[in-house]
Amino acid sequence: MTDKRPAPIASAEEKAPIRILITRRGTQENVRDLQTLLNTLGYDAGVPDGVNGPTTAAAIETFQGEEGRPVDGKITPELIDAVFRKAGRSAPLNGVLRVRRQFQPVFEAEIAIAEPESPLGTHLLQFQNLDARTGEGKWFGISLENRLSKATKKRLGITAEGGPDLTSTLEWTLDRITVPEDVRERISGLLSNGSSLSITDIEFGLETGKGTDFITITRETRE
């Protein structure tokens, strides 16, 4: 992150703690943006819900045929790049930050992750010691063992190993994350004692749903 950690400034007003999740941009976000742009370009990809169903596949095939590309209906980085270029849009950033409060989504924003070929690891931080006069506090964090299967690494494009040791991985990861200034300011105004930040390679999963905080998987999963 630009200054190592989210700016710890909050109002003195007591607020329910927020939950922040930083992770890689996942399949759901890519499909949702692809659906939105295909619809904008005149291809009926259905409701932008992040689910690659028959309607979306048919729209992709039509786009591929009209653009002289192999028609297979598959979503690939090359296809996404082609659709974004056709729509005159820049490719999205490779990370996402989400905020929840009391189990409800508050907002999400794009962030940049440097050295994406290296794992982010699994890290949990908590905000405490809020000073009512200055609005400042402290972040306390721990790093957990990062277990990623070979299939997961391949899907996420991870080809390098982690940092030199577990104790240095958190600072190394934070140095690679850039959060836009307006997003940092928005988070600052929402922080209260007990707010937390989770960082993980695993994208937004089915374990996190309505009525839950962000759930971070710390064991190796099969794909």
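## Burial and basis of the model

A residue counts as buried under 20% relative accessible area, as exposed over 50%, and as partly exposed in between, with a 1.4 Å probe and protein chains only. Phenylalanine 63 is buried by this rule, because its relative accessible area is 1%.

The model is predicted: local features need pLDDT of at least 70, side-chain atom pairs count only at pLDDT 80 or more, and totals for chains, interfaces and linings use all residues. Residues are numbered from 1 along each chain as its sequence is written, and side-chain values use heavy atoms, with hydrogens and water left out.

## Aromatic pairs

There are two aromatic pairs in the structure. Rings of Phe, Tyr and Trp (its six-membered ring) pair if their centres lie within 6.5 Å; planes under 30 degrees apart count as stacked, over 60 as edge-to-face and the rest as tilted. Tyrosine 43 and phenylalanine 63 form an edge-to-face pair, because their planes stand at 85°, with ring centres 5.6 Å apart. This pair links distant parts of the chain, 20 residues apart: tyrosine 43 lies in the loop between α1 and α2 (54-66), and phenylalanine 63 in helix α2. Helices (H or I, at least four residues) and strands (E, at least two) are DSSP runs, numbered from the N terminus. Tyrosine 43 is buried, at 10% relative accessible area.

The pair of phenylalanine 127 and tryptophan 139 is tilted, because the planes are at 55°; the ring centres are 5.4 Å apart. Phenylalanine 127 belongs to strand β4 (residues 122-128) and tryptophan 139 to strand β5 (residues 138-144), twelve residues apart. Phenylalanine 127 is buried, with a relative accessible area of 0%, and tryptophan 139 is buried at 11%.

## Charges over rings

A charge sits over a ring if NZ of Lys or CZ of Arg is within 6 Å of the ring centre and within 35 degrees of the ring normal. The charged end of arginine 176 sits over the ring of tryptophan 172, 4.6 Å from its centre. For arginine 186 the ring is that of phenylalanine 107, with 4.0 Å from the charged end to the ring centre.

## The largest pocket

The largest pocket holds about 620 Å³ of space. On a 1 Å grid over the protein atoms alone, a pocket is an open set of points where a 1.4 Å probe fits, with protein on both sides within 12 Å along at least five of seven lines; lining residues have an atom within 4 Å of a point. Grid points are joined across faces, edges and corners, and the volume is the space filled by probe spheres set on the points.

Among the 21 lining residues, Arg25, Asn30, Pro77, Ile80 and Arg155 are the closest to the pocket centre. Helix α3 gives the most to this lining, with three residues.
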